[in-house]
Amino acid sequence: MLIEKMGLSRTALAGKVAIITGAGQGIGKELARALAWLGAKVIIAEIRDTGLEVEALIRSERGTALFVQTDVGDEKSIQALAEKAFNTFGKVDILVNNAIIYRPGTILELPIEAWDQVYAVNLRGAVLGIKAFLPGMLERKEGVIVTLTSSEGMPYMASYFASKVALQSLGLSLASELSEETGVSAFVFAPGMVDTPGGNRAFQALAPKYGMSYQEFINMSPNPGYNGLMPAEDCAAGFAYAIVHARDYHGQVVDPFQPLAKAGLLNFSPQSKFEVDGTAPTMSSSEKTTGEKSAIELAREVKKILEVVNKETNELDLFRKMWVTRVFRQRSGMGIKDWLEVVTELVSELETLDKAVEIGNTAKVENVCGKFPWLKSNLERLADYFKKNMKDAEGYFKDPEALSEALNVLAYRENTVRSLISALERKFKP
C-alpha cells in the first residue's frame, strides 16, 4: 500500500474511530484501507453491499472495520449509523463526508427530481453527518471533519458541481465556527481527477458531449505528476496524511499532491508546463528587479503580471484551467479577471491623482485615499498567493533548473506586489 511510504507511523491513528461515507469503492474504499493501516477503527457507511467486501478486505489486512449499510440522505439512516457506531466503538473521532451521486445532463433537461437527489445525498447527507457526530467531538475536544469538493462550472454536470461548491462552502463555514479551543479540525479535500468506478462512468458519459474519446477526455486531467487519472490509492494516501495532520490544514482546501510530493512520491518532468498553479510563467531580464519605482510604475507592472497570468490560464485545457482558476481565487481573494479590473482602475486613478492634487480636487484625492486600506489588504493576499506558490514549488519540482526558474518568476511577482504596497503606503501616508 502506498500509505506505507508516506512517512507516517502505523499507530498515528491508534485508538481513533473513523466514519467514511460512500466507502464501498473508489477514494472512500482506499481511504478506509489507509486509515485502518494507520491504526484507526474504520466504519464503512455505504448504501450498497460493496461495503461488506471492503470490510472483509480491511480485516484481511489486519485492520479493524465495520460495514453499516447507510443512506446518508435519510435522517433515520444516519441516526441508525450513529447508534451502531457509538454502541460498537463508543465514539467517532473522524468523519469523512465522501458519499456522492451524480446526475449528468444539461440544466434544462435534468428533471428537478434529479437535482433533489443530488442535494439529498451530496449536501444534506454531509449536514446530517456533521449534526450527528460533531457534538461528541466537541464534548471530547477532539475530532476531524472533512467535506470533499471538486471543480465548478463544467457543462452537463451542473447539479453535481453545484453541490460540490456548496460542500466546499459548508466545510469552510464549519472550520470558521470551530475555534482552536474546540479541539476539532475541519478542512475541505479536493481530490482531482481520480481513477474510480464512479468517476470512469462519468468520464465515459461526458467525453462524447465534449466531442472527445474517453482517452482524450482523461488526458486533460489537471493532476500534477500524473499522465491522466490519479490512482485512487495515491489519492487516499495524500488524503490520509492530511487527516493525520488535520490541525495544520484546518480551514483550508487541501489536495493530495503536496503531501505526496513531500514524501517524494511524485515525479515531475522537467519539460512539464505545470508550475504550482498550473502555469508556466516567463520573465524577461528587464523584469528581474523592481528597484525604487514609483507607485504608478509598479501598478503597471502588477497589471502586466496579471495579464500574463490570465493569458497562461486561458491557454490551459478545460480541467486545468478550472483548477488554476479555483486555486487563484481561493488564495488571492478574487478571480484573475476581477484582479485585472481592480489594478487597471488603480493605474487609471494613479495617473489622474497627481493632477487632482495640483488643481485642488480634494474629493478625488479623498476618494482614492479612502480605498487604500481595502486595496492594501487585498494586495497582501495577492502577494501571499505568489509566496505560497513558491513554497509549493519546492515540493513539486525535482529538476533544479526548473525549480530555480519557477522560484525566480514567483519571487519577482511577489516582490512587485509588495513593492507596490510600500509605494502606495508612502504616497498615501497621512
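I count two rings of Phe, Tyr or Trp (its six-membered ring) as a pair if their centres lie within 6.5 Å; planes under 30 degrees apart are stacked, over 60 edge-to-face, and the rest tilted.

**Ground rules.** I am working with a predicted model, where local features need pLDDT of at least 70, side-chain atom pairs count only at pLDDT 80 or more, and totals for chains, interfaces and linings use all residues. I number residues from 1 along each chain as its sequence is written, and side-chain values use heavy atoms, with hydrogens and water left out.

**Entry 1: aromatic pairs.** I looked up the ring pairs and found nine in the structure. Tyr156 and Tyr210 make an edge-to-face pair, with 5.8 Å centre to centre and 90° between the planes. Tyr156 sits in the loop between β5 and α5 (158-177) and Tyr210 in the loop between α6 (197-206) and α7 (214-218), so this pair ties together parts that are 54 residues apart in sequence. My helices (H or I, at least four residues) and strands (E, at least two) are DSSP runs, numbered from the N terminus.

Next I turned to Phe203 and Phe217, a tilted pair at 5.9 Å centre to centre with 40° between the planes. Phe203 belongs to helix α6 and Phe217 to helix α7, 14 residues apart, and the pair links distant parts of the chain. I call a residue buried under 20% relative accessible area, exposed over 50%, and partly exposed in between (1.4 Å probe, protein chains only). Phe203 is buried because its relative accessibility is 11%, and Phe217 is buried because its value is 0%. Ring pairs join Tyr156, Phe203, Tyr210 and Phe217 into a cluster.

**Entry 2: more on Tyr156.** I kept returning to this residue. Tyr156 has a relative accessibility of 28%, so I note it as partly exposed. Lys209 lies over the face of the Tyr156 ring, at 5.4 Å from the ring centre. For that I ask that NZ of Lys or CZ of Arg be within 6 Å of the ring centre and within 35 degrees of the ring normal. Tyr156 also has a positive phi of about 75°, although it is not a glycine.

**Entry 3: another positive phi.** Most residues other than glycine have a negative phi. Lys141 is not a glycine either, yet has a positive phi of about 55°. I found Lys141 in the loop between α4 and β5, and it is exposed because its relative accessible area is 54%.

**Entry 4: the sheet.** I traced an open sheet of seven strands, paired in parallel, in the order β3-β2-β1-β4-β5-β6-β9. Strands pair here if DSSP finds at least two bridges between them. The edges are β3 (64-69) and β9 (253-254), each pairing on one side only. Strand β4 (residues 94-97) runs parallel to β5 (residues 143-148) over four bridges, and Asn97 has Thr147 in β5 as its bridge partner.

Helix α4 (residues 112-140) packs on the sheet, touching β1, β4, β5 and β6 (184-189), and its direction makes about 170° with that of β4. Contact means heavy atoms within 4.5 Å; axes are lines fitted to C-alpha atoms, for helices over the stretch in contact, and angles run from 0 to 180 degrees between N-to-C directions.

**Entry 5: the whole protein.** Buried residues make up 53% of the 430 residues. Among contacts between residues at least 6 apart in sequence, 74% join residues at least 24 apart.
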